[in-house]
Amino acid sequence: MARIRVPKVQEMRDAGTPIAMVTAYDAPFARAAEEAGIPLILVGDSLGMAVLGYETTLPVTMEDMIRHTKAVVAATSRAMVIADMPFLSYQVSVEQAIANAGRLVKEGGAQAVKLEGGREMASRVEAIVASGIPVMGHVGLTPQAVHRLGGYRTQGRDEAAARKLIEDAKALEAAGAFSIVIEAVPEEVGRMITEAVSIPTIGIGAGRYTSGQVLVIYDLLGFTPKPAHFVRIFGDVRSQVVQALKRYREAVESREFPGENEVTHADWVVKDSQGVAKENGQ
Ligand code: KIV
């Protein structure tokens with residue numbers, strides 16, 4: 001089956017089919033996401049916090065994003081893989097934005113890129129799209145602006161702020177974005193933005209009325225110590241991992257592992273000085 005591409009995502013939105021997106025950063029989880037039938041995989045720059053242990057997404061580099069995008073693309077054949085553009089890979093100039101989006105596609109193998117920001121980023125979106133690369137926008141809580149926003153806080157809480165977010169989303173659509181992530185806004189704002197544009201919106205903490213939803217994979221699998229209130233843990237995989245590792249440690253410590261069936265016997269045997277084989281190579 002061919003990869004999911006932009007027209008299919010738009011078709012899903014137009015048909016009212018909810019779109020599930022999840023982040024993945026490596027081959028095993030990307031393979032699992034695809035096996036679960038998830039159509040859109042985001043190699044998010046949440047990589048920095050979820051995998052690399054940073055406090056913010058800001059230190060994530062182009063090299064990080066290319067390496068992890070390559071792994072996700074290599075492990076999938078059906079899902080659309082969208083690569084996040086890391087902090088300062090597109091803000092500095094239109095030229096840099098095109099060049100770096102191009103690297104994520106050429107070197108990473110992504111089918112689309114995502115960048116944060118509204119009206120102020122419309123020129124970047126337009127230029128990247130003009131070069132042939134689909135762009136997903138991202139409004140509301142934009143983690144690359146965490147210091148300006150004063151923390152990971154809900155955005156669009158008053159009417160003026162909500163109106164600005166709607167204008168941002170419209171500007172991204174006009175610039176050619178094929179879809180928009182809406183992060184951490186009141187449910188009414190998620191709904192108003194979704195109704196204001198005719199491209200798919202993918203919500204995270206944006207309520208029930210967006211065209212789709214996205215979650216960070218380690219959040220939904222229970223790996224995040226204090227997840228945001230809008231996260232649902234769909235399976236406490238972390239506890240299962242800890243339990244499995246404990247069982248492994250105990251088996252090693254008690255010499256129960258490796259067992260008889262988990263060892264390899266040599267196909268030669270030690271012989272004594274008379275050339276008689278010693279049992280079990282003894
Ligand atoms: O980096 C990321 O994982 C994201 C999602 C939260 C949308 O941008």
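Ile-233 is located in the loop that runs between helix 10 (217–220) and helix 11 (237–253). The structure is a predicted model, and the protein chain in it has 11 helices and 8 strands. The radius of gyration of this chain is 24 Å, well over the 19 Å that the globule rule gives for 282 residues, so the chain is more spread out than a compact globule.

- Leaving aside neighbours within four places in sequence, the contacts of Ile-233 are with Asp-219, Leu-220, Leu-221 and Gly-222.
- Phe-223 stands 10 residues from Ile-233 along the chain, and the C-alpha atoms of the two are separated by 9.0 Å.

**The chain as a whole**

- Taken along the principal axes, the box filled by the C-alpha atoms of the protein chain is roughly 95 × 40 × 40 Å.
- Of the 282 residues in the protein chain, 47% are buried.
- Contacts between residues at least 6 apart in sequence include 59% that join residues at least 24 apart.

**The largest nonpolar core**

- The largest nonpolar core holds 71 residues, and the members that touch the most others are Met-21, Leu-40 and Ile-128.
- Helix 8 (residues 159–175) gives the most to this core, contributing 6 residues.
- Not counting residues up to four places away in sequence, Ile-128 touches Met-85, Ala-97, Ile-98, Ala-101, Val-113, Leu-115, Ile-133 and Val-135.

**Met-65 in helix 4**

- Met-65 has its place in helix 4 (residues 62–74).
- With a relative accessible area of 0%, Met-65 is buried, because that class covers values under 20%.
- Residues up to four places away in sequence aside, Met-65 touches Val-43, Gly-44, Asp-45, Leu-47, Val-60, Asp-84, Pro-86 and Leu-104.
- Tyr-25 is 40 residues from Met-65 in sequence, and the C-alpha to C-alpha separation in space is 8.8 Å.

**The second largest pocket**

- The space in the second largest pocket amounts to about 360 Å³.
- Its lining consists of 22 residues, and those that lie nearest the centre of the pocket are Gly-117, Glu-120, Gly-140, Thr-142 and Arg-148.
- By class, the lining of the second largest pocket divides into 8 nonpolar, 9 polar and 5 charged residues.
- At least two residues of this lining come from each of strand 5 (135–140), helix 7 (146–149) and helix 8.

**Gly-117 at the pocket**

- Gly-117, one of the residues nearest the centre of the second largest pocket, lies in the loop between strand 4 (112–114) and helix 6 (122–130).
- The relative accessible area of Gly-117 is 7%, so this residue is buried.
- Apart from neighbours within four places in sequence, Gly-117 is in contact with His-138, Val-139, Thr-142 and Leu-172.
- Thr-142, a contact of Gly-117, is also among the residues nearest the centre of the pocket.
- Leu-165 is 48 residues from Gly-117 along the chain, with 9.8 Å between the two C-alpha atoms.

**Backbone features**

- Leu-88 is not a glycine, yet has a positive phi of about 70°.
- Leu-88 belongs to the loop between strand 3 (80–84) and helix 5 (94–106), and at 45% relative accessibility Leu-88 counts as partly exposed.
- Ala-184, likewise a residue other than glycine, has a positive phi near 50°.
- Ala-184 is found in the loop between strand 6 (179–183) and helix 9 (187–196), and at 5% relative accessibility Ala-184 counts as buried.
- The peptide bond that leads from Phe-257 to Pro-258 is cis, with omega near 0°.
- Pro-258 lies in the segment that comes after helix 11.

Definitions and conventions. Residues numbered from 1 in each chain as written. Predicted model: local features only at pLDDT ≥ 70, side-chain atom pairs only at ≥ 80, totals over all residues. Heavy atoms only, no water. Core = buried A, V, L, I, M, F, W, Y, C linked by side-chain atoms within 4.5 Å. Buried < 20%, exposed > 50% of the residue type's maximum accessible area, 1.4 Å probe, protein only. Helix = DSSP H or I, 4+ residues; strand = E, 2+ residues; numbered from the N terminus. Contact = heavy atoms within 4.5 Å. 1 Å grid on protein atoms, 1.4 Å probe; cavity = no way out; pocket = protein on both sides within 12 Å on 5 of 7 lines; lining within 4 Å. Points joined across faces, edges and corners; volume = space filled by probe spheres on them. Nonpolar A, V, L, I, M, F, W, Y, C, P; charged D, E, K, R; others polar. Rg over C-alpha atoms; globule rule 2.2 N^0.38 Å.
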